[in-house]
Amino acid sequence: MTKLTNYTEKLVKDELRMVLASKPEICHCRTCQLDIMAHALNNLPPHYVASDGGHIHTMVNMSTAQLKVQVIAALVKAVEAVARHPRHNKKRGLNTISRQ
Ligand SMILES: [Zn+2]
């Protein structure tokens, strides 16, 4: 089945793991990870591609490397922003996330 994929979102997911691995001091819970992704994606241009079966075959080659650089820069900023203002109480453990 062919569907639309935001390639920027895929890159953000891939690179988030790398960025988090380099910042062990910040919270890695799912809430913070999603907040970081949302923050980064709101500051990045979307790159929609048609894909089938999860395979992306029409990515514009020229912009991939450039996009990756932008993604990492946006993620670093997003990590800092979320680390400053986490949506849950820092003193509680990772298992007691308050949701709104
Ligand atoms: Zn967290």
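Modeller: Here a residue counts as buried if 20 or more other C-beta atoms lie within 10 Å of its own. This is a predicted model. Buried residues make up 17% of the 100 residues in the protein chain.

Biologist: OK. What secondary structure does the protein chain come to?

Modeller: Three helices and three strands.

Biologist: In what order do the elements run from the N terminus?

Modeller: The order is β-α-α-β-β-α.

Biologist: Take α2. Which residues are buried there?

Modeller: Cys32, Asp35, Ile36, Ala40 and Leu41 are the buried ones in α2.

Biologist: What span should helix α2 have, and what is the distance between its end C-alpha atoms?

Modeller: Helix α2 covers residues 30-42, which is 13 residues.

Biologist: Now the packing. At what angle do α1 and α2 pack?

Modeller: About 135 degrees, with the axes 10 Å apart. Helix α1 here is residues 7-21. That angle makes α1 oblique to α2.

Biologist: Is the crossing of α1 and α2 right-handed or left-handed?

Modeller: Right-handed.

Biologist: Which residues make the contact?

Modeller: From α1, Thr8, Glu9, Val12, Lys13 and Leu16. From α2, Gln33, Ile36, Met37, Ala40 and Leu41.

Biologist: How do the residues of that contact divide into nonpolar, polar and charged?

Modeller: Six are nonpolar, two are polar and two are charged. Ile36, Ala40 and Leu41 of α2 take part in the contact, and these three are also buried.

Biologist: Switching topic. Where does Asp14 lie?

Modeller: In helix α1.

Biologist: Is Asp14 buried or exposed?

Modeller: Asp14 is exposed, since 11 other C-beta atoms lie within 10 Å. The cut-off for exposed is 12 or fewer.

Biologist: What separates the C-alpha atoms of Asp14 and Val71?

Modeller: 9.9 Å, although Asp14 and Val71 are 57 residues apart along the chain.

Biologist: And Ser51, where does that lie?

Modeller: Ser51 is in strand β2, residues 48-52. Ser51 counts as partly exposed because it has 18 C-beta neighbours inside 10 Å.

Biologist: How far apart are Ser51 and Asn6?

Modeller: In sequence, 45 residues. In space, 9.8 Å from C-alpha to C-alpha.

Biologist: Last one, on the protein chain. Of contacts between residues at least 6 apart in sequence, what share joins residues at least 24 apart?

Modeller: 86% of those contacts.

How values were computed
Residues numbered from 1 in each chain as written. Predicted model: local features only at pLDDT ≥ 70, side-chain atom pairs only at ≥ 80, totals over all residues. Helix = DSSP H or I, 4+ residues; strand = E, 2+ residues; numbered from the N terminus. Expected span 1.5 Å × (residues − 1). Axes fitted to C-alpha atoms, helices over the stretch in contact; angles between N-to-C directions. Parallel < 35°, antiparallel > 145°, perpendicular 65-115°, else oblique. Left-handed = near helix turned anticlockwise from the far one by under 90°. Contact = placed C-beta atoms within 7 Å. Nonpolar A, V, L, I, M, F, W, Y, C, P; charged D, E, K, R; others polar.
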